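Me: I want to learn how to read salt bridges in a model. Can we start with the surroundings of the charged residues?

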Amino acid sequence: MSQFAINLMFVGGSFLLYIAIAIWAKAGSTKDFYVAGGGIHPVTNGMAIGADWMSAASFISMAGLIAAGGYANSTFLMGWTGGYVLLAMLLAPYLRKFGKYTVPEFIGDRFYSRNARFVAVACLIVASVTYVIGQMAGAGVAFSRFLEVDSTTGLMIAAVVVFIYAVLGGMKGITYTQVAQYCVLIVAYTIPAVFISFQLTGNALPPLGLFSTHIDSGVPLLEKLDEVITALGFRDYTADVDNKLNMVLFTLSLMIGTAGLPHVIIRFFTVPKVADARWSAGWALIFIALLYLTAPAVASMARLNLMTTIYPDGVENQAIEYEQRPQWVREWEVTGLIQFEDKNNDGRIQHYNETPAFAEEAAARGWEGNEFTYNNDILVLANPEIANLPGWVIGLIAAGGLAAALSTAAGLLLAISSAVSHDLIKGAFKPDISDKGELLAARISMAVAIVVATYLGANPPGFAAQVVALAFGIAAASLFPALMMGIFSKRVNNKGAIAGMLAGLGSTLVYIFIFLGWFFIPGTNNLANTPDNWLLGISPLSFGAIGAMINFAVAFVVSNATEEPPVEIQELVESVRYPRGAGQATDH
């Protein structure tokens, strides 16, 4: 059986499973559509949260970024994991106690303002749309290779599948689909990692294999990796970072952005009780840890395998001839995600870091520039092929990568749909809309969101994980401070909350657009996205933490300069902080 047929079998089979689940769990009411009827078991919800959480950025792109940057890019791992703990401890139980359908609804009621609800909707849509760009981009990468189509066609296929099971089933269908997707993606991620870890170190547990001895060289795996890449002018894989401020701010931005992500928060509204929200968080952390403990090993081993593929006789010897390149390189070249340019016409693949410090060594070896470039997002997907694993493993990881992208995309699209139909249409423009009418509006708004996400996914402003990091920064600067102040401060009023969200969102977006293009349109950036141009060395990916500080500061200053919130609102805040029991999600 050909590899294409195997891929088609795994991917097609998983898609049929998702669609069958959506038909079985079709939403019949707005409560089913928004919060899955409010009766999801904590273990089921924990697994669904895990799938929602481990997006294309986690499955496809995070290991690629760590592989490329080593310790410096471990901030993605630390920030996302720490943020989940913040979400579970500081927000989830209290928001479940409040008992509403959406994050903007909480902000609107807590800050007793329709305008606050509208601003929260705008923040949610901006963050979610930015996030979903990364998911659709990741789906395009996976499709372009494993179904042997171009990335645009891949995006269209992904959009159709998401449309069917998300629009039809709503949160109820998405929940059970995400359980299936979690099972697919975690098996797909860990099985190749076990194979490769055993090949390289003799240890079948990847997290332990990372710190084991490399079989071929007899030295620790990470030491071997450092030797290989530094001999080619790259920075030590385990080297510390120069800009500690940027690293801290980036980690913080990911943490608090994670805690403010509406598509994850909404999952805690689907369980019957506050205690179930806490248990869901605990189970989700276990399910997430299975992948997150494996990712650093996958990254390191993928980078080492890639370098030894190009330099099979060692980096001190000649590279592989281009005509002798392995089949996986040929197949990924078709996608455009791997490119080769023979700059010195020697017929061999030279891959090294073109820095002034390495220029003399490169010239001595007759090299005239780096000839091999690849998209970081391919490393996890290509890892089984690089390691010459069986075809069924390659098919499995294809299904897993798509499951990761589609599960999070569905959750994000539901958050956008809920904000439009429940918070805008029902909450502002047509409060007397029927349950059936609201459900129709939710499905239409989701369909529109899918179209927009597909278009933007075809033109992403960076790698999947980098685009997602921007979304986390936007959520960190806008929604997280409002949620924290709404739960833990009785003094912050509606004027302060609105001013804070606008200041945080506005400052973060302006900073991002200056370097990445206005509204992510290529060529419209004012400055090159380089450390020399960044304010105090703070990258656009890290600015969300600064935006959050601006949000908090503006909210407290404005609130203290204006009247106190009404007594009933202060009593509401007090009741939310003590999550004893929980009512049903109420329809407002």
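Me: Is Glu-354 buried, partly exposed or exposed?

Reply: First, the ground rules. This is a predicted model: local features need pLDDT of at least 70, side-chain atom pairs count only at pLDDT 80 or more, and totals for chains, interfaces and linings use all residues. Residues are numbered from 1 along each chain as its sequence is written, and side-chain values use heavy atoms, with hydrogens and water left out. Buried means under 20% relative accessible area, exposed over 50%, and partly exposed in between (1.4 Å probe, protein chains only). Glu-354 has 49% relative accessibility, so it counts as partly exposed.

Me: Which residue does Glu-354 meet in a salt bridge?

Reply: A salt bridge is a side-chain nitrogen of Lys or Arg within 4 Å of a carboxyl oxygen of Asp or Glu. Here Glu-354 meets Lys-343, at 3.8 Å from N to O. Both lie in the loop between strand 1 (338–340) and helix 16 (356–364), so the pair ties together parts 11 residues apart in sequence. Helices (H or I, at least four residues) and strands (E, at least two) are DSSP runs, numbered from the N terminus. Lys-343 is partly exposed, at 29%.

Me: How many salt bridges does the whole structure hold?

Reply: The search finds nine. One of them joins Arg-117 and Asp-423, with the closest N and O atoms 2.8 Å apart. This pair links distant parts of the chain: Arg-117 is in helix 7 (residues 114–146) and Asp-423 in helix 18 (residues 391–429), 306 residues apart.

Me: Are Arg-117 and Asp-423 buried or exposed?

Reply: Arg-117 is buried, at 8% relative accessibility. Asp-423 is buried too, at 0%.
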